[in-house]
Amino acid sequence: MGKVSNDLLYLEGINGKTMSNNLEKYFSTNAKTWDEKVKVHASSNFYDVETFKKGATSLNTFELNALGDVSGKSLLHLQCHFGQDTLSWSRKGAKCTGVDLSEKGIELAKKLNTELQLDAEFICCNVLDTSNYIQDQFDIIYTSYGVIGWLPDLKPWGKMIAERLKNGGTFYMVEFHPIVWMFDYLEGIPKIKYGYNQKEVIYEEYKGTYANTNSKMISKEYGWNHGLGEVISSLSEAGLTIEYLREYDESPYDIFPDLMKNKNGMFESSDKLFPLLFAIKAFK
């Protein structure tokens, strides 16, 4: 795990030393949890590694349609877990680099890369410190599904993306909508508990993971909520031009309570009172 970025030390309300110590604790705890998750996820039906090895893609319609033909392009995948999406883009002809906080995740990603005879590269570091480990710039930067909630502030994230993206390059993200993170899902019936723009850290401790709710592992996680305004501003203030922001009532993943499969094979709520996903496409 990389050292905490200096860009984080300006956060309001806590002096630099205390903030740095707290962030080290938060990131270290999350890294340990994700190391444990890798073991559980690699054997889960959710990730279905054996089918993936036989040629199945882990990519979904949203990202495939948004990025189109990636052959011959360089692609940086932020917060790549154990690299399935990275390797799926590699199979489509992109020259890929994946970054993740978890050492176990990167170890498995490298193993899969070798086994599948692909040419992706993987680096273990805090995503906010990517520019300390990678100096290249990329045609495409990609990140997806459950990523920004692990970051305490998005300004350093946006700055890093702008640093690593080529002029004329494309940034694309598809992510769970910030409204879904306002709910507490651990008490049975979901109830609104967290602020849409909550700045305070959120700590949760629970049994299992989204990929295997029956697992005996204990997930210990520190996270943060980020509204759409913060996401967009972090990118535009770093110098990116937003091509679009889209919101979707459906998700490829059945990870929230009481979702139903629709005719598209996606999952949606019965009332559709709020979107489940958003996507941003931008360029530099």
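How many aromatic pairs does the structure hold?

A: Happy to take you through it. Please keep in mind that this is a predicted model. The structure holds 21 aromatic pairs. Take the rings of Phe183 and Tyr185 as one of them: their centres are 6.2 Å apart and their planes meet at 40°, so this pair counts as tilted. Phe183 is buried, with a relative accessible area of 17%, while Tyr185 is partly exposed at 25%.

In soluble globular proteins, nonpolar side chains tend to be buried together. Here the largest nonpolar core has 41 residues, and the members that touch the most others are Phe62, Trp89, Tyr142 and Tyr172. The elements that supply two or more residues to this core are α2 (49–53), α3 (61–67), α4 (84–91), α5 (103–115), β4 (138–144), β5 (165–176), β10 (241–248) and β14 (277–283). Among these contributors, α5 gives the most, with four residues. There is also a second, separate core of 33 residues, and its members include Cys125, Leu128, Tyr222 and Leu240.

Let's stay with Phe62 for a moment. Setting aside neighbours within four places in sequence, Phe62 is in contact with Tyr145, Tyr172, Val174, Tyr248, Glu250, Pro252, Met266 and Leu277. Several of these names lead on to strands, and we can follow two of them.

Start with Val174, which lies in β5 and is the bridge partner of Ser144. The strands β4 and β5 pair in the parallel sense over six bridges. β4 also has strand β1 (residues 74–78) as a partner, again running parallel, with three bridges joining the two. β4 itself is mostly covered, with six of its seven residues buried.

The strands concerned are β11 and β13 (residues 267–269), which pair in the antiparallel sense over two bridges. They belong to an open sheet of three strands in the order β11-β13-β12, with antiparallel pairing. β11 (250–251) and β12 (259–261) are at the edges of this sheet, each with a single partner strand, so one side of each has no neighbour in the sheet.

Arg91 lies over the face of Phe52, at 4.5 Å from the ring centre. Likewise, Arg246 lies over the face of Tyr244, at 3.6 Å from the ring centre.

For Cys80, the nearest cysteine sulfur is that of Cys124, 9.3 Å away, whereas a disulfide calls for sulfurs within 2.5 Å. Cys80 has 4% relative accessibility and so counts as buried. Cys96 is in no disulfide either, with the sulfur of Cys80 as its nearest at 10 Å. Cys96 is likewise buried, at 0% relative accessibility.

Definitions and conventions. Residues are numbered from 1 along each chain as its sequence is written. This is a predicted model: local features need pLDDT of at least 70, side-chain atom pairs count only at pLDDT 80 or more; totals for chains, interfaces and linings use all residues. Side-chain values use heavy atoms; hydrogens and water are left out. A nonpolar core is a set of buried Ala, Val, Leu, Ile, Met, Phe, Trp, Tyr and Cys residues joined through side-chain atoms within 4.5 Å. Buried means under 20% relative accessible area, exposed over 50%, partly exposed in between (1.4 Å probe, protein chains only). Contact means heavy atoms within 4.5 Å. Rings of Phe, Tyr and Trp (its six-membered ring) pair if their centres lie within 6.5 Å; planes under 30 degrees apart count as stacked, over 60 as edge-to-face and the rest as tilted. A charge sits over a ring if NZ of Lys or CZ of Arg is within 6 Å of the ring centre and within 35 degrees of the ring normal. Two strands pair if DSSP finds at least two bridges between them.
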